[in-house]
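Hi,

Here is the structure I promised to send over. Have a look at it first, and then read on for my notes.

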Amino acid sequence: MTLSHEQVRTLLVSLRFTRDRELTCDEWLEDLSTYLEATPTEKLGETFQLVREHLDLCSDCREEIAMMVMALCLSSE
Ligand SMILES: [Zn+2]
């Protein structure tokens with residue numbers, strides 16, 4: 001099966017917009033505490049896919065989590 005350029009374009013656009021849910025930063029922060037308490041296996045599961053995706057997409061939250069991790073490291077010393 002070969003796709004025309006037009007079909008490929010339509011496919012790519014629909015992939016980008018069919019995601020039914022994306023986390024806002026506030027929602028992400030709420031899920032984050034659950035995420036941090038999850039086991040490593042759970043962390044990689046589908047449940048937290050949105051949490052991981054948001055971290056990929058949002059540099060604000062990446063900085064946020066870096067600071068939290070740093071604070072945790074400092075407080076455990
Ligand atoms: Zn964010």
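Let me start with a question: is cysteine 61 buried or exposed? Cysteine 61 counts as buried, because its relative accessibility is 4% and the cut-off for buried is under 20%. Please keep in mind that this is a predicted model.

**Confidence**

The mean pLDDT of the protein chain is 83, with 86% of its residues at 70 or more. Helix H1 (residues 5–17) has the lowest confidence, a mean of 71, while helix H3 (residues 40–43) has the highest, at 90.

**Overall fold**

The protein chain has 5 helices and 0 strands, so the pattern along the sequence reads α-α-α-α-α. Of its 77 residues, 14% count as buried. If you take the contacts between residues at least 6 apart in sequence, 45% of them join residues at least 24 apart.

**The zinc site**

Four residues coordinate the zinc ion: Cys25 through SG, His54 through NE2, and Cys58 and Cys61 through SG, at 2.0 to 2.3 Å. The arrangement is tetrahedral because the 4 donor atoms subtend angles of 101 to 113° around the zinc ion. Along the sequence, the spacing of these donor residues is C-x28-H-x3-C-x2-C.

Cysteine 25 is partly exposed, at a relative accessible area of 33%, whereas cysteine 61 is buried at 4%. Histidine 54, which is found in helix H4, also counts as buried, with 9% relative accessibility. Leaving out residues up to four places away in sequence, histidine 54 touches Leu23, Thr24, Cys25, Trp28 and Cys61. Two of these, Cys25 and Cys61, are zinc donors as well.

**Helix H2**

H2 has 13 residues and spans 19 Å from its first C-alpha to its last, close to the 18 Å expected at 1.5 Å a residue. You will also find a kink of about 30° in H2, centred on aspartate 31.

Which residues of H2 are buried? They include Trp28, Leu32 and Tyr35. In an α-helix there are 3.6 residues a turn, so residues three or four places apart point the same way. The buried residues of H2 pack against H3, helix H4 (49–57) and H5.

Tryptophan 28, in helix H2, is worth a click: its relative accessibility is 0%, so it counts as buried. With residues up to four places away in sequence left out, tryptophan 28 touches Leu23, Val51, His54, Leu55, Cys61 and Ile65. Among these contacts, His54 and Cys61 coordinate the zinc ion. The C-alpha atoms of tryptophan 28 and leucine 50 are 8.3 Å apart, with the two residues 22 apart along the chain.

**A loop residue**

Finally, threonine 47 lies in the loop between H3 and H4. Threonine 47 is exposed, at a relative accessible area of 68%.

Best wishes

Notes:
Residues are numbered from 1 along each chain as its sequence is written. This is a predicted model: local features need pLDDT of at least 70, side-chain atom pairs count only at pLDDT 80 or more; totals for chains, interfaces and linings use all residues. Side-chain values use heavy atoms; hydrogens and water are left out. Donors are N, O and S atoms within 2.8 Å of the metal (3.2 Å for Na, K and Ca); water is not among the atoms, so sites may look incomplete. Four donors count as tetrahedral if all angles lie between 85 and 135 degrees; four count as square planar and six as octahedral if opposite donors are over 155 degrees apart and all others between 65 and 115; anything else is irregular. Buried means under 20% relative accessible area, exposed over 50%, partly exposed in between (1.4 Å probe, protein chains only). pLDDT is the predictor's confidence in each residue, from 0 to 100. Helices (H or I, at least four residues) and strands (E, at least two) are DSSP runs, numbered from the N terminus. The expected span of a helix is 1.5 Å times one less than its number of residues. The bend at a residue is the angle between axes fitted to the seven residues ending there and the seven starting there. Contact means heavy atoms within 4.5 Å.
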